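Visitor: I have a few minutes and a new model to look at. Can you walk me through it?
Guide: Gladly. Here it is.

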Amino acid sequence: MSTTEKPRLGRTFWTLNVIEMWERLAFYNLRVMAPIYIMQADDPGGLHLTAADKGTIYAWWAVFQSILPVFTGGLADRFGYKRTLTFALSLMMVGYLMIALLRDLGFISNFWALFISIMTLATGTAFFKPSIQGSLANILTRANSSVGWGIFYWVVNVGAFIGHFLPSLFLVYSTAFPGPFYAESHSKEAWRNLFLASAVFTSFNLMLLFFLKDTPSGASATESPLSVLARTVRNIFEPRLLAWIAIMSCFWLMMYQLWDLQPNFISDWLDSRPAAELLRRLPDWAYNSMVGDTPRGPMVRQQVLLSFNALFIILGVIGMAWLTRKMRTLEAMLIGMLMATGGIVLAGWTMNVWLLIAGILLFSLGEMLTGPKKSEYLGLIAPPGKKGLYLGYVNIPVGVGVYAGSELAGYVYGHYGEKAVLALRYLAEKTPWGQSKQWDGSIATLQETLGVTRMQAMDKLVEVTGLDHVQATQLLWDTYSPHAHVWLPFAAVGIVAAVALWIFGRMARKWQDMNA
């Protein structure tokens, strides 16, 4: 091939991208609604678990989904990417079916039913990620890797964008389907239908595998699984690689909170009535899928607002990949970190819907630089025969970051951010009715002391204070400043990560094998 000829991406590249799109569509159909399903106090068909319960589930979800690829990446190299994808997708489909059905069997608590189901799904994802990313890394070259990974990230967000809107259709219009799929909006049955849809989407990928040509990994086909495990552990203890993983773990600790914590924050605090009023011009079916009635009036659904993240990336990520194709990956990631940190603060620092969208735009620009480049970086520095192994390592920062971030978010939001909890605190601390109950100051005893559940908290506050729900929400915001208590700790972690990456990037100029 001449140096002026543009490398072709080829049929296998595009087949892998279609598989990734369906997988992300199924995943985000679940993920964008999971925070509401797990803990939102005012959702009628949800599980009504606590913020701490949600934090525990998300933490272990991250461990299974993002730490296991450290080991499954080497197995994907050894046993073949196509074979590993078949196993992974089958296990993921079982996980979605368990989420949909296990709750109704009645022999296990809601927490453990969801926990076991999510861990099954996450284990399947742990085999899926390094398999598909290892396949891509083996067919991309330095000449086309920036654009190739940019296209891959674009496809990821096409699936994510569609996945943000499907829940509205399944949860709002379940009544349109007679028979066994009949459900009232946000009832247990509507949630079941939502999760069953993810299982169906995953089944499409199993059919697509018939058309996928396997990509040789270059790894030994006779190496034992124990030898693969030993090689995996040996490679990861390279000090410079560990430093990069630690830096990126801090970044993803902050990054994931836009997706995992912001849904609850938006549902609790954001005033999106101005945007909902603009959407009244749409046909009724579209308006009802994007706007929901709340005690504070019509509000744009949180998943619709967060879909701007995927939309912005769809519009810009390929162009950003082209613009940064000659930039060092470490420099691009540093710029992305700073932009994403600013975006997450702006998005969480307001009750104004337009400022939220501006924050999501800034966050998305940062993600366009950091997200694809992290995979490109490890793909470029990975030795031959170890692409899947190194692309398994790329998930470690996500796993470590999301584990720590979920535990932190569970505590911080459960104590200082959740509106229902702050309503109970206000009743106990600021009203004569609550002060007579002699609360001991512990969040764990709030409901028992007041005799009011989290689900009843806002209605009780409205009753005691004589305010309406809009005024009561503003009162809690002004009194307890949930935006500062929730988002400043995560922003601080993002800034530390950016400074550390700047130092790492300067040192990497001296390392030929790590300077990419």
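Visitor: Among contacts between residues at least 6 apart in sequence, what share joins residues at least 24 apart?
Guide: The share is 79%. Keep in mind that this is a predicted model.

Visitor: How many helices and strands does the protein have?
Guide: There are 25 helices and two strands.

Visitor: And what percentage of the residues counts as buried?
Guide: Of 516 residues, 59% count as buried.

Visitor: Let's take one residue. Where is W191?
Guide: W191 sits in helix α8, residues 188-208.

Visitor: Buried or exposed?
Guide: W191 counts as buried because its relative accessible area is 0%, and the cut-off for buried is under 20%.

Visitor: How far is the C-alpha atom of W191 from that of A100?
Guide: The two C-alpha atoms are 7.4 Å apart. Along the chain, W191 and A100 are separated by 91 residues.

Visitor: Switching to voids. How many cavities of 30 Å³ or more turn up in the whole structure?
Guide: The search finds nine. The largest cavity has a volume of about 410 Å³.

Visitor: Which residues lie nearest the centre of the largest cavity?
Guide: R24, K129, Y153, V156 and K374 do. They belong to a lining of 31 residues.

Visitor: Which elements each supply at least two residues of that lining?
Guide: Six helices are on that list: α1 (10-31), α3, α6 (110-139), α7 (145-172), α15 (302-323) and α17 (353-381). The largest share comes from α7, with seven residues.

Visitor: How does the lining of the largest cavity divide by class?
Guide: It has 15 nonpolar, 10 polar and six charged residues.

Visitor: What about the second largest cavity, how much space lies in it?
Guide: About 100 Å³. Its lining includes M39, K54, Y58, D260, S406 and Y413. Two or more lining residues come from each of α3, α11 (257-260) and α19 (396-417). By class, the lining of this second largest cavity has six nonpolar, four polar and two charged residues.

Visitor: Now the open side. How much space lies in the largest pocket?
Guide: About 860 Å³. The largest pocket is lined by 37 residues. D42, S267, D293, T294 and P295 lie nearest its centre.

Visitor: Which element gives the largest share of the lining of the largest pocket?
Guide: That is β1, with four residues. Among the elements giving two or more residues are β1 (291-294), β2 (297-300), α20 and α23.

Visitor: And the classes in the lining of the largest pocket, how many of each?
Guide: The lining has 16 nonpolar, 11 polar and 10 charged residues.

Visitor: You mentioned α20 and α23. At what angle do they pack?
Guide: The angle is about 35°, with the axes 8 Å apart. Helix α20 covers residues 419-430, and α23 covers 457-465. Their crossing is left-handed.

Visitor: Which residues meet there?
Guide: From α20, K419, A420, A423, L424, Y426 and L427. From α23, A457, M458, K460, L461, V464 and T465. By class, the contact has nine nonpolar, one polar and two charged residues.

Visitor: Which residues of α23 are buried?
Guide: A457, M458, K460, L461 and V462. The buried residues of α23 pack against α20, α21 and α24 (469-480).

Visitor: Which residue takes a positive phi just after α23?
Guide: G466, at about 80°.

Visitor: Which phi does H48 have, positive or negative?
Guide: Positive, about 60°, although H48 is not a glycine. Most residues other than glycine have a negative phi. H48 is in the loop between α2 (34-39) and α3 (51-67).

Visitor: Is Q438 buried or exposed?
Guide: Q438 counts as exposed because its relative accessibility is 69%, and exposed means over 50%.

Notes
Residues are numbered from 1 along each chain as its sequence is written. This is a predicted model: local features need pLDDT of at least 70, side-chain atom pairs count only at pLDDT 80 or more; totals for chains, interfaces and linings use all residues. Side-chain values use heavy atoms; hydrogens and water are left out. Axes are lines fitted to C-alpha atoms, for helices over the stretch in contact, and angles run from 0 to 180 degrees between N-to-C directions. A crossing is left-handed if the near helix is turned anticlockwise from the far one by less than a right angle, and right-handed if clockwise. Contact means heavy atoms within 4.5 Å. Ala, Val, Leu, Ile, Met, Phe, Trp, Tyr, Cys and Pro count as nonpolar, Asp, Glu, Lys and Arg as charged, and the others, Gly among them, as polar. Buried means under 20% relative accessible area, exposed over 50%, partly exposed in between (1.4 Å probe, protein chains only). On a 1 Å grid over the protein atoms alone, a cavity is a set of points where a 1.4 Å probe fits but cannot get out, and a pocket is an open set with protein on both sides within 12 Å along at least five of seven lines; lining residues have an atom within 4 Å of a point. Grid points are joined across faces, edges and corners, and a volume is the space filled by probe spheres set on the points.
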